[in-house]
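Reader: I have not seen this structure before. Could you take me through it with a few questions and answers?

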There are 2 protein chains.
Amino acid sequence: MTEPTDFDGTFPDAARRAVYEAIARRRDVRTFRPDPVPDDVLARILIAASQAPSVGYSQPWSFLVLRDEELRGRIARHVEEERLAGADVFEGERRDAYLDLKLEGILDAPLNLLVTCDRERFGTKVLGRNTILEADVFSVVCAVQNLMLAARAEGVGWVTLLREEVLRELVALPETVVPIAYLCVGYPERFRERPKLETTGWLPRLDLKTLVHEERFGAPLSGPMRDALDRADTGRRG
Amino acid sequence: MTEPTDFDGTFPDAARRAVYEAIARRRDVRTFRPDPVPDDVLARILIAASQAPSVGYSQPWSFLVLRDEELRGRIARHVEEERLAGADVFEGERRDAYLDLKLEGILDAPLNLLVTCDRERFGTKVLGRNTILEADVFSVVCAVQNLMLAARAEGVGWVTLLREEVLRELVALPETVVPIAYLCVGYPERFRERPKLETTGWLPRLDLKTLVHEERFGAPLSGPMRDALDRADTGRRG
């Protein structure tokens, strides 16, 4: 497309569009083709993950690559137990809808990734962490989002139905290391146009204009900002 | 560059490169030009933020746009107090180096953004949150990372030297809403080649090969994965 120097400042239009497209088209993937993920692809998305911002440059992340089917089978069984237990908070049709949802692709995906946060990587005196103790965990979540965007062409699903203490024992994490994200990585059957929980009517898409405030939390949006959001949204869909 | 359909599956090479470049070249920005950020630009990056994954599609984020200089001045004074207080954990040269760092651009930037998480947006029964209670906060952090990548051409700096209780009072947040990220948004003087905390020697860049493990946490990397990471890293720099 361009010379490397084209990325020094403002990106060219086509490049900027690509970034927005990756963000808009990222989907949580639960259904995978069996094709393996080449090591070179995995390496690229891990490097992208490690380029996230981190509080005080503490880079608290680690990445555990899980391919072993026996271990993944044990994790999948735990997730299934939690999925069934999770149904108890819903009733009637909502409960049925919940139980119909496929919430993980642990064994379908060719590999799983556990992204962790070492809460004492450079000791506890990390620049910028004295006010917000969770800033290290936030750094790791930024890495996860980088990873998901980088893997947009590959496909990643985030599994949250896991209990920390169970996972910690299954993969033998050191005491200072906490699990942040359990991801299923592989090539998807397809990317959905809209999130599945939206199209199945689980929850509605919120209108961003109700979530943006100016100067005072909860204040209604000013006319210019409201118009700008409408214009940008139309542009994105058009 | 292309027809919209080009983004349905695997991205074209140029588009994929653009995504990797945005991720690699994102920097925390503390020094801004005074140029305003047009509402249309702000709208685009807020939409990108709102396209993050969220646990159970709960979309728990809100975005508070702060331009008022008096309010920002009060926030800046609080941050400066915390910056000075934060020096106490360091000694000698390290303390001097810390005090030399510019850690925010609250008043330099034309606008600030506070990204928050409503911990009860759809009540407390959110799909996937019964096991990991912080999954809603993680969702908002993913939105912040989207926002930072979308704003790569504009420039964003994340300020962590803020106490929740002080910020909560200054901007009058409702009880269920917690502040996650305070961001300075504007056009940077320039984007650094490497993070400032790396080039000033505050902390070294960690070798990703020591942070990736296979099957067992802490296990040394296999030859193929080690080679793949080396190849990907060389490719990125070349």
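Reader: What distance separates the centres of domain 1 of chain A and domain 2 of chain A?
Author: This is a predicted model. The domain assignment of chain A gives domain 1 as residues 27–203 and domain 2 as residues 206–238. Taken over C-alpha atoms, the separation between the two centres is 31 Å.

Reader: Which strands are the edge strands of the open sheet of five strands?
Author: The strand order in this open sheet is β4(A)-β5(A)-β3(A)-β2(A)-β7(B), and the pairing is mixed. From one strand to the next the twist averages 30°. An edge strand here pairs on one side only, and that holds for β4 (156–159) of chain A and β7 (212–214) of chain B.

Reader: In β5(A), what is the bridge partner of Leu111(A)?
Author: Strand β3 of chain A covers residues 111–118, and strand β5 of chain A covers residues 177–185. The two pair in the antiparallel sense over eight bridges. For Leu111(A), the bridge partner in β5(A) is Val185(A).

Reader: How many helices and strands does the secondary structure of chain A come to?
Author: Along its principal axes, the C-alpha trace of chain A spans about 55 × 50 × 40 Å. The secondary structure of this chain comes to eight helices and seven strands.

Reader: What percentage of the residues of chain A count as buried?
Author: Chain A exposes about 9900 Å², of which carbon and sulfur atoms supply 49%. A residue counts as buried under 20% relative accessible area. Among the 238 residues of chain A, the buried share is 58%.

Conventions:
Residues numbered from 1 in each chain as written. Chains lettered and ligands numbered in written order. Predicted model: local features only at pLDDT ≥ 70, side-chain atom pairs only at ≥ 80, totals over all residues. Heavy atoms only, no water. Pairing = 2+ DSSP bridges. Helix = DSSP H or I, 4+ residues; strand = E, 2+ residues; numbered from the N terminus. Axes fitted to C-alpha atoms, helices over the stretch in contact; angles between N-to-C directions. Domains from an automatic or database assignment. Buried < 20%, exposed > 50% of the residue type's maximum accessible area, 1.4 Å probe, protein only. Areas by Shrake-Rupley, 256 points an atom, 1.4 Å probe, with all protein chains shown as cover.
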